[in-house]
Amino acid sequence: MSTSKFAVAGATGRLGRHVVDVLTERGHHVVPMSRATGVDVITGEGLAEALAGADVVVDVASWHASEQAAAAAFFRTAARNLHEAGLHAGADRVVAVSIIGADKATAGFVAAQQVHEEAHLSGPLPARVLRAAQFHEFVGQLLDWQQGDVAHIPDLPTQLVACRTVAETLADLAADPGAASRPDPGAPVPEVAGPRRESLAEAARLLGARRGVEVVAVDGSGLPDAGLAAAGAFLPGPHAKLAGPTFQEWLDARPH
């Protein structure tokens with residue numbers, strides 16, 4: 001495989017760290033982009049310098065809160081800046097990560113991904129989107145958001161996936177020369193998810209047992225699109241790549 005130069009936005013984030021690792025391990029030249037490295041995808045600071053000579057722009061930058069309008073504004077601005085700077089730098093394409101079910105969501109952070117996807121797919125550079133299931137690490141976030149030794153977690157279906165698995169799949173897509181052309185109209189958006197359907201509450205119970213937190217399953221009412229989630233709207237489609245580890249396997253491999 002020929003060596004390419006990949007500029008990774010969000011490189012120090014939960015997923016971005018894995019993307020940088022995978023691309024580096026595969027022998028590519030990787031430029032990590034984040035505010036920690038002096039690059040701001042919103043203000044544009046440092047962007048032109050970081051993208052100089054880049055073949056592929058990988059966008060895994062994410063917003064830190066769930067409010068839909070703020071998240072949509074972040075994604076819209078970041079995508080525009082990455083496309084404009086990437087085009088000026090002579091990049092071939094952009095590859096971005098989204099969330100499975102984004103096309104069905106009506107509210108919250110997942111719905112904001114619709115703006116994210118459209119901003120990339122309508123940008124001046126050819127772009128591809130990979131939709132991923134919720135990460136294994138999301139379960140820990142759910143527990144972190146609740147104080148005390150009892151956590152109420154929605155008993156919703158999910159197909160949790162490891163960040164490393166998503167990073168490997170995104171790296172495959174980013175390195176595919178075919179991604180330098182725009183996707184065919186009507187073609188399914190690539191998806192990646194864990195190997196089997198799981199319950200969010202049950203996964204939280206496994207982690208809670210380690211933390212000394214009792215997990216109580218609830219119906220999820222009050223969450224954005226809880227009804228859609230309960231009906232399986234955020235589960236992978238038939239064309240998705242499914243890959244381990246399961247949440248239990250991932251948890252077992254982590255230090256106590």
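The legends below describe several close-up views of a predicted model.

Residues are numbered from 1 along each chain as its sequence is written, and side-chain values use heavy atoms, with hydrogens and water left out. Because the model is predicted, local features need pLDDT of at least 70 and side-chain atom pairs count only at pLDDT 80 or more, whereas totals for chains, interfaces and linings use all residues.

**View 1. Helix α1 and the elements that cover its buried residues**. Helices (H or I, at least four residues) and strands (E, at least two) are DSSP runs, numbered from the N terminus, and α1 covers residues 16-25. Its buried residues are G16, V19, V20, V22 and L23, where buried means under 20% relative accessible area, exposed over 50%, and partly exposed in between (1.4 Å probe, protein chains only). Seen down the axis of α1, these buried residues fall within an arc of 165°, so they line one face of the helix; the arc is that of the directions from the helix axis to the C-beta atoms. The elements that cover them include β1 (5-9), β2 (29-33), β3 (56-59) and α6 (163-175), and contact here means heavy atoms within 4.5 Å. Just after α1, G27 takes a positive phi of about 90°.

**View 2. The salt bridge between R164 and E25**. A salt bridge is a side-chain nitrogen of Lys or Arg within 4 Å of a carboxyl oxygen of Asp or Glu, and a search of the whole structure finds 10 of them. In the one between R164 and E25, the closest N and O atoms are 2.7 Å apart. R164 lies in helix α6 and E25 in helix α1, so the pair ties together parts that are 139 residues apart in sequence. R164 counts as partly exposed, at 30% relative accessibility, while E25 is exposed, with a relative accessible area of 54%.

**View 3. Helix α3 and its two ends**. Helix α3 (residues 68-89) has 22 residues and reaches 31 Å from its first C-alpha to its last, which is close to the 32 Å expected at 1.5 Å a residue; the expected span is 1.5 Å times one less than the number of residues. Among the buried residues of α3 are F74, F75, L82 and H83. At the start of the helix, a side-chain oxygen of E67 reaches to within 3.3 Å of the backbone nitrogen of A69. Just after α3, G90 takes a positive phi of about 85°.

**View 4. A network of salt bridges that includes D103 and R131**. D103, K104, E117 and R131 are linked in this network. The closest N and O atoms are 3.9 Å apart in the salt bridge between K104 and D103, and they are 3.5 Å apart in the one between D103 and R131. D103 lies in the loop between β4 (93-99) and α4 (108-121) and R131 in strand β5, so this pair ties together parts that are 28 residues apart in sequence. K104 is partly exposed, with a relative accessible area of 41%, and D103 also counts as partly exposed, at 45%, whereas R131 is buried, at 9%.

View 5. Polar atoms of the R128 side chain lie 3.1 Å from the backbone oxygen of G178 and 3.0 Å from the backbone oxygen of S181. A polar contact is a pair of N or O atoms within 3.5 Å; within protein, one must be able to donate a hydrogen and the other to accept it, and residues adjacent in sequence count only if both atoms are side-chain atoms. Leaving aside neighbours within four places in sequence, the residues in contact with R128 include V94, V95, L173 and P183.

**View 6. Backbone geometry at D225 and P245**. Most residues other than glycine have a negative phi, and most peptide bonds are trans. Phi of D225 is near 60°, a positive value; D225 is found in the loop between β10 (214-218) and α8 (226-230), and it counts as buried at 13% relative accessibility. A cis peptide bond joins G244 and P245, with omega about 5°, and P245 is in the loop between β11 (241-242) and α9 (247-252).
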